[in-house]
Structure formats: C-alpha cells, structure tokens
Amino acid sequence: MSEKTGQSGPRSPTATTADRQVGSGGRLEWVDGPLLSVCLASLAITVVAGAVQITFGDYSVSITEVWGIVFDPAVLASPSTLYALVFGGELAHLPTESLIVWTQRVPRVLVAVFVGMNLAISGAIFQAVTRNELASPYILGVSSGAGLAVLLTLVVFGGLAAYLPLFAALGGAFAFLLVYAIAWNGGTSPVRLVLAGVIVSTVFGSVQTGLYFFVDDLGTVQEALAWTTGTLSGAGWSEMRLIVPWTVLTVSLSIVGARQLNVLLLGERTARSLGMSVERARFGLSAVAIVAASASVAVSGIIGFVGLIVPHMVRTIVGSDYRALIVGCLFVGPALLVVADVCARLAISGSQLPVGILTGLIGGPYFLYLMKRKQHLGEL
Amino acid sequence: MIGNSSYEDGTEPTTADDPGWGPVASEDTTDRRDSADHIECRDLVLEYDASAEPVVDGETLSIPESAVTALVGPNGSGKSTILRAIARELEPTTGRVVLDGRDLEEYSRKELARELGLLSQHNVAPESLTVEDLVRHGRYPHRRLFDTMTEEDWRAVDQAIEAVGIETLRDRPVGSLSGGQTQLAWIAMVLAQEPRALLLDEPTTYLDLRHQVRLLEVIQSLSDDFEMTVVVVLHDISQAVRVCDHLVALEDGSVYDSGPPSEVVTEELMAEVFRVEACIEPGPNGLGIHPVAEIE
C-alpha cells in the first residue's frame with residue numbers, strides 16, 4: 001500500500017473528504033432521522049402500553065389510586081422499600097394495592113421490556129450470521145432445545161424445578177451447538193445452518209410431544225404448556241434480577257459487534273478476503289444471540305415471532321446498517337412485547353392468555369403481508 | 001485509450017526460451033522489464049477432494065509485479081482454482097504460494113487483506129447499502145474494533161471511488177445499480193483495502209459489452225496508474241489479450257504456456273488449449289483472434 005500511496009500524488013483528496021470528515025466520520029454518524037423517529041415512537045408506545053398495563057387488571061384499583069401508588073413517596077423515596085422490592089425482602093408494611101402494583105404490574109412491564117430487547121437483538125444477530133432474513137432463535141433450534149430442557153426437567157427431574165431457567169438456557173445453547181456441529185463441514189453456510197436448525201427442531205419437537213404422554217399430572221402439563229408458548233404472567237422482580245445482568249452483557253456486545261455483522265452481510269468470501277476470521281466472528285456473535293435468547297426463555301418461556309419480526313420491521317425503516325438496526329431493535333422489541341402482553345393480560349377478563357399466542361397472532365399475518373410484498377423473502 | 005498501446009508491436013519476436021513473463025515491448029511497460037515476481041506458485045498441487053484427481057498437479061507459475069496477468073483456459077482448466085490458492089481460500093495439498101518472498105501461510109488474516117484484494121464472481125450486499133458504505137467496508141483490515149474512520153480511511157475511500165470513476169453513484173443504494181455499476185462499486189470496495197495485488201475472478205462474465213470494456217480499462221489503469229499487480233481470470237481470450245501484460249494459458253490443470261500475450265497466443269495454442277481453429281492477426285488495436293471452426 002505504501003507504494004500506492006506514494007504513487008497517488010496527483011489524486012488529491014476531493015473536496016467531499018473534508019466535508020464528510022466533519023459531517024459523518026464520527027462514532028455516531030449512523031444516527032439519523034428514521035432511527036430517531038423509530039426509537040421515539042417505540043418509546044412512546046412502550047410507555048403508553050406500560051401505563052395501561054399498570055392501570056388495569058382483575059384486582060380493581062381506581063386509576064387515580066394506581067398512579068398515586070406508582071408515585072407514592074412511601075415507595076419511591078424509601079431506599080429500604082425499593083431495595084426490598086428489587087432485591088427481594090420484607091414488604092409486609094405495604095398495603096395490598098401497593099403490593100399488587102409494585103410486585104406484579106410494574107415488574108411485569110419491565111420484564112417485558114427486557115425480554116423484548118433480548119429477543120429482538122437475538123433475532124437480528126442470527127439473521128446477519130446466517131444471512132437469512134427468516135432466521136431467528138426459533139429456526140436455529142434454540143427454542144426447541146430450551147423447550148425440551150424445560151419439559152424434561154418438569155417430567156423427569158421434577159425435584160429440580162427450581163433450576164428451570166438455567167436448564168432452559170443450557171438446553172438452548174446445547175441445541176444451537178448441535179445445529180452448528182451438524183452444519184459444520186470444514187466451515188458452515190447459511191443454508192446448512194438453517195437446514196440443521198430444522199432437523200434439530202423437528203427431532204426435539206417430536207421428543208417434546210412424546211413426553212406429554214408420560215405426564216400424569218394436569219398441573220405439570222399446564223406449566224409445561226405455559227413454558228412452551230411463552231408467558232409473562234407471574235413475572236416479578238426475581239425475573240428482573242435474572243434478566244437484567246444478561247441484558248447489559250448482550251446489548252453491549254451486540255453494539256460492539258455491529259460492524260462485524262455489517263461485514264458478515266457482504267458474504268463469507270468477502271468477509272474473509274477483508275481479513276475477518278469468519279468462523280470465529282460468526283461463532284462469537286451466535287453465542288451473544290444464544291445468551292440473549294436463553295435469558296428471555298429463562299424468564300418468560302418461548303415467545304415466538306418477536307425475534308423474527310422486530311429486526312425486520314426496523315430494517316425496513318432504518319436500513320441494513322447493523323449499528324442502527326441493533327439500536328432500533330432495542331426500542332421496537334420492548335414496544336411490541338409490552339403491547340402484546342397488555343392484550344394477552346387484559347383481552348379476556350378473568351383469565352390470561354400466554355403472550356406467545358398473541359405474538360404468534362401478530363407475527364403470522366405480518367409475515368403473510370411481507371410474503372405478498374417482497375419477492376425475495378429470506379435473502380438479506 | 002488505455003488498453004490499446006500494449007500490443008502495437010506484438011509481432012516482434014522475443015527469444016523462445018524466455019522463462020516466465022518476458023518483456024512486452026511497448027512504451028508503458030518497458031520499465032517493468034526488471035521488476036521482480038510479486039507472486040509465485042511453486043509446485044502447487046491443488047485438490048478439492050482428496051479422493052479425486054488433483055485439479056492442479058504440481059504447477060509452478062509466477063505473477064510479475066505491477067502488471068496485469070490473465071489466467072485463461074477452457075472451463076475446468078484450473079484457472080479459478082489457482083486464483084483461490086493465491087487468495088488463500090484453498091490450501092495447497094503440497095507446494096506453496098509465495099507473496100513478496102514470504103510464504104502465504106505466514107501472513108495474518110488482516111495482514112494478507114492489506115496485501116491482496118479479492119473480487120469474487122458473485123457478490124452480495126444488502127440492497128439498501130449505499131455505494132460509499134460498501135466501499136468503506138474495504139477499510140476493514142485497516143481498522144481495529146473500536147476505530148472510527150480516520151482521514152487516511154476517507155482518503156482511501158475517495159481515491160478508490162475516483163479510480164473506478166463512480167463518483168456520481170456514491171450515495172446510490174447498491175440495489176438500484178446495474179450489473180456493471182455494481183461490479184465497479186465492488187472493485188472500489190476492494191481498492192479501498194489498498195492492496196498491492198488484486199485478484200479478479202471472471203469480473204466481466206455477467207456484464208453487457210459496454211461495461212465489459214469499461215471494466216477492462218479500469219483494470220488496466222490499476223496497473224498503469226497505481227502500479228498494482230492484477231491477476232484476472234477470464235474465459236474470453238480476446239479480453240485477456242486486450243487487457244493483460246502477461247498471459248498464463250492453462251490446459252487441464254497445467255500451464256500450457258506463459259508470457260506476453262503476443263507470444264503466447266498462437267494458432268497452435270488456440271487449437272491445443274481451446275480446441276478451435278482460429279486465425280490470429282496482429283492489428284492496430286492489438287491481436288485479433290478470429291475463431292473459425294471447432295476442432296473435433
């Protein structure tokens with residue numbers, strides 16, 4: 001290169017160089033209008049839906065009363081009460097209404113926010129790594145692995161139910177490793193990865209269905225069903241404690257990895273010729289996506305379609321630059337999941353639907369719409 | 001205009017036993033007469049499948065520095081395979097590739113990416129990616145994980161865009177470009193790597209005639225104006241003759257002949273390598289190759 005630089009005397013940098021260095025060479029050059037609008041709109045939707053979620057419910061508390069409780073100085077201004085809420089502790093001094101708002105409705109919204117973030121970035125990463133728009137934690141076997149692990153724990157190792165989240169995550173990671181191993185043939189390709197994902201999902205799904213025949217207890221069946229369809233009912237501060245640290249990790253790693261994801265989008269051969277160790281990058285980024293997916297499976301079960309739809313919606317608005325895409329996902333994912341959870345919880349008075357059913361109902365038609373509109377569905 | 005001068009005196013005989021690439025007698029290449037070989041392949045055995053016969057069996061060839069070398073031959077003659085070995089995409093079973101006197105295996109990935117640029121035949125980029133953003137990816141081997149674009153990076157990007165003459169396409173999304181424009185944008189991306197050698201795998205295959213001509217001119221200007229070593233696989237021998245300073249003709253995995261196109265391209269070569277009866281005549285614009293009939 002030095003020679004080339006030396007030879008290039010007459011080709012002085014053009015005028016645009018200077019302009020661009022000022023305007024768009026910086027660290028945040030990719031922040032633009034569409035991205036900001038997506039983030040702000042999603043934030044507004046999340047806040048409104050969250051407010052609805054906190055305000056209404058089977059236990060009837062009046063609107064003014066609810067918001068009196070939310071901004072109750074006895075909670076907000078009391079470090080010991082906040083600590084007891086967030087990290088678990090004695091809350092007996094709070095009235096029932098306060099307890100319902102602060103230990104059920106508020107954390108449920110927050111958990112939905114974090115689960116939404118994780119599912120969205122997990123899907124976004126998997127889509128870049130496999131260069132397949134249809135990829136998601138579910139296609140690549142992570143969900144079926146987690147689901148099987150959950151069912152096995154409930155049916156076979158009933159005594160270990162307390163470790164359910166851990167097993168879910170391990171199952172997801174195991175399934176993905178299996179998928180990767182099957183797809184490996186001196187390297188992997190997007191097609192091989194997706195096919196391997198289908199193979200593993202099919203086998204795991206069959207085993208999962210088969211296991212239901214060995215369950216005698218109806219309660220266990222219901223619990224298993226709730227896990228495999230995905231639900232946020234019962235999500236509280238302990239779930240928050242579980243998911244927040246992992247979210248910090250996955251979000252920061254995915255933002256750092258955004259440029260690698262961008263280069264991966266140029267295809268394996270190009271990425272390699274640009275000096276990237278493709279397998280290492282792909283594996284490391286997949287690991288981030290697995291952790292993100294498993295963390296959400298561990299607190300909320302298998303919520304489908306979020307990881308598939310959100311990156312897609314964001315991509316149509318902000319474009320394919322992963323630096324912007326990841327950030328967009330961090331806002332749109334929570335918005336979608338909080339809205340879906342409001343519908344799941346409040347749609348049928350007196351009973352709650354698993355949120356996974358709602359996301360499925362939103363996701364299916366969305367994909368139908370995409371199929372009709374786009375000709376090359378699946379190609380990134 | 002860039003492409004025509006090299007073959008004016010193509011008929012001038014040079015010594016027959018001239019090894020490797022010989023002098024091509026024309027004004028803009030005479031100063032390369034003494035330059036060293038940039039890339040050497042020594043006793044290269046290449047195979048995709050250990051059980052099958054090697055695609056390339058023990059070949060030695062050298063690629064001169066700052067010149068355009070074309071690898072030509074019929075389908076299956078091993079030209080793309082050799083290119084893949086030079087790009088370190090395919091590990092030789094035995095033998096080695098030497099780049100600048102150093103074994104190819106000794107280079108780190110990023111180090112190699114700063115020396116060698118590769119353009120594949122098929123390229124994919126997200127449709128909404130702009131040409132400028134695509135070209136910026138070429139700076140990948142020069143940047144570390146957290147680096148932003150430096151002045152040096154922007155200079156390389158601008159220069160690459162200018163070198164292939166796509167300034168007007170700079171802010172267009174890649175998805176909106178024609179095949180030829182896309183190919184030029186990708187070449188700019190590879191140029192932004194600032195490699196000293198550029199490997200091109202059948203770059204003209206899917207282009208219309210106008211863009212083929214444009215691309216060949218760009219290729220030639222890379223070696224003429226930027227002193228770049230270019231290795232290009234072409235299946236069209238007239239294009240190869242038009243663009244290259246050094247020609248390597250391959251037949252069934254072995255080097256049939258190599259040297260300046262004016263010496264290598266003969267009626268005999270056309271018959272033995274390409275199985276066509278052809279009439280070769282030097283003209284004002286270089287060698288004219290006129291295939292007449294297929295040889296059974």
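Q: In what order do the four strands of the open sheet in chain B run?
A: In this predicted model, the order is β2-β1-β4-β5, and the pairing is antiparallel.

Q: Which are the edge strands?
A: They are β2 (56–64) and β5 (102–103) of chain B, each of which pairs on one side only.

Q: And how many bridges link β1 and β2 of chain B?
A: Seven bridges join β2(B) to β1(B), the latter covering residues 37–46, in the antiparallel sense. In one residue pairing, B:I39 has B:I63 of β2(B) as its bridge partner.

Q: What packs on that sheet?
A: Helix α1 of chain B, residues 79–86, packs on it and touches β1, β2 and β4 (94–99) of chain B. The direction of α1(B) makes about 115° with that of β1(B).

Q: Turning to the interface, how many residues of chain B are in contact with chain A?
A: On the chain B side there are 53 residues, in contact with 39 residues of chain A. The buried area between the two chains is about 4,100 Å², and carbon and sulfur atoms give 51% of it.

Q: How many salt bridges are found across it?
A: The rule finds two. One of them joins the side chains of A:R269 and B:E89, at 2.7 Å from N to O.

Q: Which element gives the largest share of the side of chain B that touches chain A?
A: That is α4(B), with seven residues. Elements giving two or more residues also include α5 (179–192) and α6 (209–226) of chain B.

Q: How do the residues on that side divide?
A: They comprise 20 nonpolar, ten polar and 23 charged residues.

How values were computed. Residues numbered from 1 in each chain as written. Chains lettered and ligands numbered in written order. Predicted model: local features only at pLDDT ≥ 70, side-chain atom pairs only at ≥ 80, totals over all residues. Heavy atoms only, no water. Pairing = 2+ DSSP bridges. Contact = heavy atoms within 4.5 Å. Axes fitted to C-alpha atoms, helices over the stretch in contact; angles between N-to-C directions. Buried area = accessible area lost by both parts, 1.4 Å probe. Salt bridge = Lys/Arg side-chain N within 4 Å of Asp/Glu carboxyl O. Nonpolar A, V, L, I, M, F, W, Y, C, P; charged D, E, K, R; others polar.
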